[in-house]
Amino acid sequence: MSLQQDLESRSGNQCELCASKDNLSIYEVKPSLTGGGGVDGSLLACETCVTQIDNPDQTDANHWRCLNDSMWSEHRAVKVVAWRMLSRLRKEGWPQDLLDMMYLEDDDLRFAKESGDHLDDSEKIIHRDANGAILEAGDSVVLIKDLKVKGSSMVAKQGTAVRRISLDHENAKYIEGKVGPTQIVIITDYVKKMAEKE
């Protein structure tokens with residue numbers, strides 16, 4: 001079965017967040033779980049939900065009252081998105097009540113926090129590449145100079161692509177990613193964000 005068929009079967013052909021049956025598509029939760037969406041890292045979502053997840057300025061808080069039901073989903077991707085949206089809307093009052101009831105395993109909670117939706121704007125640490133472009137978890141970057149890897153004889157060469165980076169939530173200058181089999185910390189001054197198609 002294809003991913004689309006798996007998700008349609010799992011969801012009963014409806015949005016896994018608000019139960020709408022219209023304009024459904026696969027939504028991959030960023031940053032990609034286990035190196036790719038797959039069934040665990042994706043959900044079936046309607047156009048309204050996807051638009052509001054990706055565009056916080058277009059969020060209609062009342063639409064998300066649907067999370068009262070979907071936050072109890074057994075599927076990781078659904079729980080993570082529910083937690084992120086409730087966190088984003090918590091100042092409304094009722095989402096905070098739902099968050100107080102919600103439980104996520106430690107790994108799921110760590111993943112949910114990758115988006116930074118639980119932080120106030122003043123608390124958010126913004127990671128920027130050498131050109132000032134904002135970096136987000138799951139982005140791909142390219143090294144713009146040779147970097148010696150601390151604690152090893154390895155040198156990460158200029159031009160090396162580092163895919164699906166993760167962000168250090170305490171230091172805006174640090175990101176992590178894999179160069180070959182090795183997970184390394186990279187300083188943002190030495191990377192350039194890659195366009196999606198590169």
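Mentor: A nonpolar core is a set of buried Ala, Val, Leu, Ile, Met, Phe, Trp, Tyr and Cys residues joined through side-chain atoms within 4.5 Å. Buried means under 20% relative accessible area, exposed over 50%, and partly exposed in between (1.4 Å probe, protein chains only). This is a predicted model, in which local features need pLDDT of at least 70, side-chain atom pairs count only at pLDDT 80 or more, and totals for chains, interfaces and linings use all residues. Residues are numbered from 1 along each chain as its sequence is written, and side-chain values use heavy atoms, with hydrogens and water left out.

Trainee: Which residues have the most contacts inside the largest nonpolar core?

Mentor: They are L17, L43 and W64, in a core of 31 residues. Two or more residues come from each of β2 (42–46), α2 (47–54), α4, α5 (94–101) and α6 (106–112). Helix α4 gives the most, with eight residues. Helices (H or I, at least four residues) and strands (E, at least two) are DSSP runs, numbered from the N terminus. In soluble globular proteins, nonpolar side chains tend to be buried together.

Trainee: Which residues does L43 touch?

Mentor: Contact means heavy atoms within 4.5 Å. Leaving out residues up to four places away in sequence, L43 touches L7, R10, E16, L17, S25, I26, Y27, V29, A77, V78 and V81.

Trainee: What do the buried residues of α2 pack against?

Mentor: The buried residues of α2 are C49, V50, Q52 and I53, and they pack against β1 (24–28), β2 and α4.

Trainee: What makes the approach of R84 to the backbone oxygen of F111 a polar contact?

Mentor: A polar contact is a pair of N or O atoms within 3.5 Å; within protein, one must be able to donate a hydrogen and the other to accept it, and residues adjacent in sequence count only if both atoms are side-chain atoms. A polar side-chain atom of R84 lies 2.9 Å from the backbone oxygen of F111, so the distance is within the limit.

Trainee: How do you know that the charged end of R84 sits over the ring of F111?

Mentor: The test asks for NZ of Lys or CZ of Arg within 6 Å of the ring centre and within 35 degrees of the ring normal. The charged end of R84 is 5.0 Å from the centre of the F111 ring and is listed as sitting over it. K145 likewise lies over the face of Y190, at 4.8 Å from the ring centre.

Trainee: What makes β9 and β11 edge strands?

Mentor: The open sheet runs in the order β9-β10-β11, and each of β9 and β11 pairs on one side only. A hairpin of six residues links β9 to β10. The hairpin of β10 and β11 has two residues between the strands, and G180 takes a positive phi near 65° there.

Trainee: Why is I125 placed in its accessibility class?

Mentor: I125 has a relative accessible area of 31%, which falls between 20% and 50%, so I125 is partly exposed. I125 lies in the loop between α6 and β3 (127–128). Apart from residues up to four places away in sequence, I125 touches H169, E170, N171 and A172. From C-alpha to C-alpha, I125 and L17 are 28 Å apart.

Technical notes
Two strands pair if DSSP finds at least two bridges between them.
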